[in-house]
Amino acid sequence: MVEAAPESVAGTDPESARETDDALLDRFQAAAVGYFLKHVNPENGLAADTSRPGSPASIAVVGFALSSYPLGVERGWMNRADAAAISLVTLDFFWNSRQSDQPDATGHKGFYYHFLDMKTGRRVWQCELSLIDTTLLLAGVLEASVYFNADNPVEAAIRACADAIYRRVDWQWARGGGVTARQGWKPESGFLHYGWEGYSEASIVYVLGLASPTHKLPDDSFKAWTETYQWENIYDYELLYAGPLFIHLFSQAWIDFAGIRDRFMREKGCDYFENTRRAVYVQREYARRNPHGFKGYGKDSWGLTANDGPGYEIKTINGRERRFLGYAARGVPYGPDDGTIGPCAALASLPFAPELVLPALRHLCAAYPEMTRDAKLPSGFNPTLPGAGPAGWVSEGYYGLDQGLLVLMIENYRSGLIWKLMRQCPYIGGGLRRAGFTGGWLS
Amino acid sequence: MTAPDQAPGAAPEDIYRRYLVDRIHPPAWRNPKPTGKYHLVVIGAGPGGVTGACEAAALGAKVALIERDLIGGDRLNVGCVPSKAIIRTARLYAGMRDARDFGGQVPGNIDVGFAAVMERMRRIQARLGRAASAGRLSEAGVDVYFGAARFTGPESVEVAGETLRFKKALIATGARPQTPSIPGLAETGYLTNENVFNLTVCPRRLLVIGGGPLGCELAQAFSRFGSRVIIAQDDPMFLPREERDAAQILSDSLARDGIEIHLNTSVVAVHKAGSEKIVDLESDGGRFSVAVDEILAGIGRAPNVEDLGLEAAGIRYDAKSGIQVDDFLRTSNRRVFAAGDVCMEHKFTHAAEASARIAVKNALFWGRKRLSDLTIPWCTYTDPEIAHVGLYVREALEKSIPVKTFTILMHDVDRAVTDGEEEGFVKIHVRDGTDRILGATVVASHAGEMINGLSLAIGAGIGLSAVARVIHTYPTQAEAFKMAADAYIRTRLTPFRKFLARRWLAW
């Protein structure tokens with residue numbers, strides 16, 4: 001049975017159909033920024049992992065929140081003083097909170113635990129001290145230090161505090177005695193055992209790790225990591241492969257990779273910006289081929305990434321056994337694929353392939369008006385699993401990471417603000433150069 | 001050579017077992033009386049030893065072959081043959097379970113007759129044991145000795161009270177399961193590949209320690225026979241040598257079979273409570289216990305180097321890596337060579353046979369064949385199978401060889417779709433900018449069959465351009481190679497070539 005009727009439009013959303021691209025994007029970006037206005041604790045700047053009641057803070061979401069405030073100011077959604085104030089509150093918290101090897105600290109060796117209590121700021125869920133999440137937080141911290149450049153006490157304090165937080169991070173320790181960076185550490189069991197091989201979202205970890213003036217990663221660490229890369233020809237697109245879409249987007253949210261190349265990309269005649277573009281095309285091609293016959297997949301409906309899913313269950317739908325996943329890293333073309341689409345990652349691909357993303361956004365609005373009416377996109381939806389509307393199962397609430405990525409990438413498409421700010425950050429340029437990047441804006 | 005230690009249960013005696021033993025270790029066998037010096041004495045009658053002995057005898061050499069237990073080695077008795085026999089039956093049961101996916105009806109009462117599964121396995125062993133029986137080897141001109149071999153000097157070996165003198169010797173004693181150092185495991189009792197095929201009852205609950213090839217294959221097979229299987233692997237993924245996408249597909253597949261998977265998990269202790277075995281597992285600092293009926297340990301293999309008198313012959317060895325050989329498979333004793341599991345990292349039947357051929361040529365005919373010249377493919381026979389040949393991308397990059405991978409998904413291969421076997425991929429790694437095939441990984445229902453085409457291409461130095469010119473039968477799953485080769489050809493269609501073509505056509 002062919003279940004997919006992917007390219008038809010199930011409904012209509014007259015409002016979005018009439019809007020210009022910019023107006024449409026403005027509406028979605030403003031809605032995403034709204035997440036941070038609503039789910040940040042003004043006492044300490046911590047941002048909730050999700051909008052669900054009782055959610056802890058995620059340090060990576062704080063990084064996105066800090067990055068969102070400058071563009072909020074530029075777009076007139078916040079005033080500069082408020083943005084600076086909340087940024088300083090956040091930085092103050094991260095500088096002054098407890099760093100130790102105790103299991104309920106906020107961080108250790110300058111890194112931070114992945115999830116923190118929204119009020120106390122202490123580690124929750126016995127979670128790991130996370131390298132990538134700390135790095136995304138640092139990206140926000142450093143962006144704040146570049147943007148808030150005024151000569152007044154608050155903005156000066158932001159700059160000083162940001163620099164201190166960055167300099168405290170012990171990247172050398174984070175290798176755990178190896179050459180490359182480890183994924184994380186737990187006080188109960190030491191460094192995580194997980195492999196971190198192949199291309200991943202870790203580029204920015206190496207860039208900031210290599211640039212550290214205090215505890216830098218060794219020069220050969222980036223090369224050692226890139227030796228795990230795979231350059232593949234998939235569906236006639238040649239790219240540095242990684243399955244989940246978010247991998248192609250996280251470091252790119254802050255770093256403008258267009259025209260700059262490391263040794264690997266020089267050899268391949270590509271760059272990481274172009275690579276993400278190709279990854280988006282592979283995502284779309286996979287959805288068009290739709291090998292597992294999921295409902296809703298098509299040329300304008302794609303995006304397999306790490307996101308929320310219906311939960312671990314097996315159901316027979318239209319005579320076919322379907323195995324659904326919960327929060328999982330879905331990827332193309334090898335899977336896992338349970339029919340869950342990540343609309344935020346798809347929309348966040350905007351700067352790289354607007355010719356694919358804008359039609360996809362309009363398709364989302366037209367096919368699933370009940371899901372897109374207030375311009376806030378859920379972490380995932382799964383039309384194969386029946387739900388209240390044509391979108392089928394829809395993830396409850398919103399995820400901070402998704403909203404943050406959307407805010408930044410829409411801005412990068414509209415004005416390039418985040419990229420422009422981060423190009424001014426000496427640690428970004430320095431880290432890229434130490435990793436062997438040359439050309440483009442680094443020249 | 002099969003190690004006799006730590007096998008709690010002997011193989012069940014039946015007509016097939018008796019038939020097999022009558023051939024591979026006849027009870028009434030009388031060792032020949034040595035007459036003069038042998039050109040070649042081979043120690044161990046596994047695949048490597050038998051191949052080496054037969055090749056040498058066929059070339060007119062005077063050859064002795066010594067086996068301490070059963071001819072055929074692991075392959076026939078406790079390895080590939082029995083495991084593949086039961087895996088076939090396991091696939092059958094999976095097919096019945098999944099009948100609806102193929103438009104069929106699920107049989108009303110699927111009752112796994114474990115005894116029948118194992119009887120079929122023994123029948124197949126008996127049949128395949130004929131080819132290398134002691135009688136046949138004698139007919140081929142090989143003097144077969146049963147007994148433990150021990151070097152008594154650099155040119156002599158003793159077996160069953162006789163001293164055999166040799167010009168050259170080949171050690172092919174193989175390997176045995178490594179003994180895990182887990183507190184309580186030895187006392188509680190556990191299975192390895194050496195005794196798991198002796199089971200007469202399918203364990204209701206089975207813990208598999210180790211996510212290597214053996215652990216994954218048998219975990220899946222026993223799960224399909226109805227065991228509640230738990231697999232604990234202390235690495236972050238299964239088959240740590242293989243590509244992460246291959247390991248991920250396997251992990252998903254095992255989960256679909258209902259296997260409880262614990263990655264990044266170590267077995268820290270085992271004890272017995274009544275008839276149950278309680279296993280303590282540790283992951284990320286957390287500890288938990290599971291109760292099972294049997295434990296299967298598949299965590300690596302140790303070379304059989306003990307009690308061979310290697311010191312007396314001046315042969316250097318290491319208890320972990322085995323007998324030390326050079327690229328010509330020669331040991332530190334110039335007259336003695338080694339082949340197969342006892343000296344090689346790649347512990348496979350076909351690698352043992354190929355290395356034995358090299359060793360015999362180098363030993364008897366002053367050959368200069370190198371082990372490093374061999375292209376050795378391998379396959380893990382899970383469902384889907386995972387096969388590999390040549391270099392991995394990582395190995396190539398470590399050697400500063402730029403690599404490009406051509407990937408074809410099995411879900412894009414027509415025959416895989418019609419067969420309902422869409423899981424997997426073919427990845428062919430070429431030297432970037434050329435069509436030279438460096439290596440390949442295939443994940444597919446019949447990857448082991450498919451990889452041979454690529455081994456042929458690598459061995460014969462055939463590039464992807466040539467593969468693209470070969471007409472492949474349609475529809476076959478191996479057509480994936482042709483599709484990958486066609487993708488390569490399309491990359492050659494540069495804008496300049498397209499421009500030239502357009503100009504030509506316009507003219």
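Which residue stands opposite B:Ala232 in S10(B)? In this predicted model, the position facing B:Ala232 is taken by B:His262 of strand S10(B). The pair belongs to the contact between S10(B) and strand S9 (residues 228-232) of chain B, two strands that run parallel and are joined by three bridges. The surrounding sheet of chain B is open and consists of four strands in the order S10-S9-S8-S14, paired in parallel fashion. Its edges are formed by strand S10 (260-262) and strand S14 (294-297) of chain B; each has a single partner strand, so one side of each is left without a neighbour in the sheet. On average, neighbouring strands of this sheet are turned by 15° against each other when direction is ignored. Helix H8 (residues 213-224) of chain B lies across strand S8 (205-209), S9 and S14 of chain B, and the helix runs at about 165° to S9(B).

The overall dimensions of the two chains were computed from the predicted coordinates. In chain A, 17 helices and 15 strands make up the secondary structure. The radius of gyration of chain A is 21 Å, which agrees with the value near 22 Å that a compact globule of 443 residues would have. Taken along the principal axes, the C-alpha atoms of chain A fill a box of roughly 60 × 45 × 45 Å. Of the 443 residues in chain A, 58% are buried. When contacts in chain A between residues at least 6 apart in sequence are considered, 67% of them join residues at least 24 apart.

Chain B contains 16 helices and 23 strands. For its 507 residues, a compact globule would have a radius of gyration near 23 Å, and the 25 Å found for chain B agrees with this. The C-alpha trace of chain B spans about 85 × 60 × 45 Å along its principal axes. Buried residues account for 49% of the 507 residues of chain B. Of the contacts in chain B with a separation of 6 or more, 67% are between residues 24 or more positions apart.

The domain assignment divides chain A into domain 1 (1-20 + 235-402) and domain 2 (39-229). The centres of these two domains of chain A, taken over C-alpha atoms, are separated by 27 Å. Their contact involves 17 residues from domain 1 of chain A and 23 residues from domain 2 of chain A. On the side of domain 1 of chain A that touches domain 2, helix H9 (250-254) and helix H15 (400-414) of chain A are the elements that give two or more residues. The largest share, three residues, comes from H9(A). By class, this side of domain 1 of chain A has 13 nonpolar residues, three polar and one charged.

In chain B, the domain assignment gives domain 1 (15-177 + 302-373), domain 2 (185-299) and domain 3 (384-491). Between the centres of domain 1 and domain 2 of chain B, taken over C-alpha atoms, the separation is 28 Å. Here 17 residues of domain 1 of chain B are in contact with 16 residues of domain 2 of chain B. Helix H4 (80-97), helix H5 (114-129) and strand S7 (175-177) of chain B are the elements that give two or more residues to the domain 1 side of this contact. H4(B) supplies the largest share of that side, with seven residues. The residues of the domain 1 side comprise 14 nonpolar, two polar and one charged.

Between the chains, 24 residues of chain A are in contact with 29 residues of chain B. Strand S8 (residues 231-234) of chain A gives the largest share of the chain A side, namely four residues. The chain A side is made up of seven nonpolar, eight polar and nine charged residues. Strand pairing also extends across this boundary: S8(A) and strand S21 (residues 403-409) of chain B pair in the parallel sense over three bridges. Within this pairing, A:Glu232 stands opposite B:Thr405 in S21(B).

Conventions. Residues are numbered from 1 along each chain as its sequence is written. Chains are lettered from A and ligands numbered from 1 in the order in which they are written. This is a predicted model: local features need pLDDT of at least 70, side-chain atom pairs count only at pLDDT 80 or more; totals for chains, interfaces and linings use all residues. The radius of gyration is taken over C-alpha atoms; the globule rule is 2.2 Å times the number of residues to the power 0.38. A residue is buried if 20 or more other C-beta atoms lie within 10 Å of its own, exposed if 12 or fewer, and partly exposed in between; C-beta atoms are placed from the backbone. Two residues are in contact if their C-beta atoms, placed from the backbone, lie within 7 Å. Two strands pair if DSSP finds at least two bridges between them. Axes are lines fitted to C-alpha atoms, for helices over the stretch in contact, and angles run from 0 to 180 degrees between N-to-C directions. Ala, Val, Leu, Ile, Met, Phe, Trp, Tyr, Cys and Pro count as nonpolar, Asp, Glu, Lys and Arg as charged, and the others, Gly among them, as polar. Domain bounds come from an automatic or database domain assignment.
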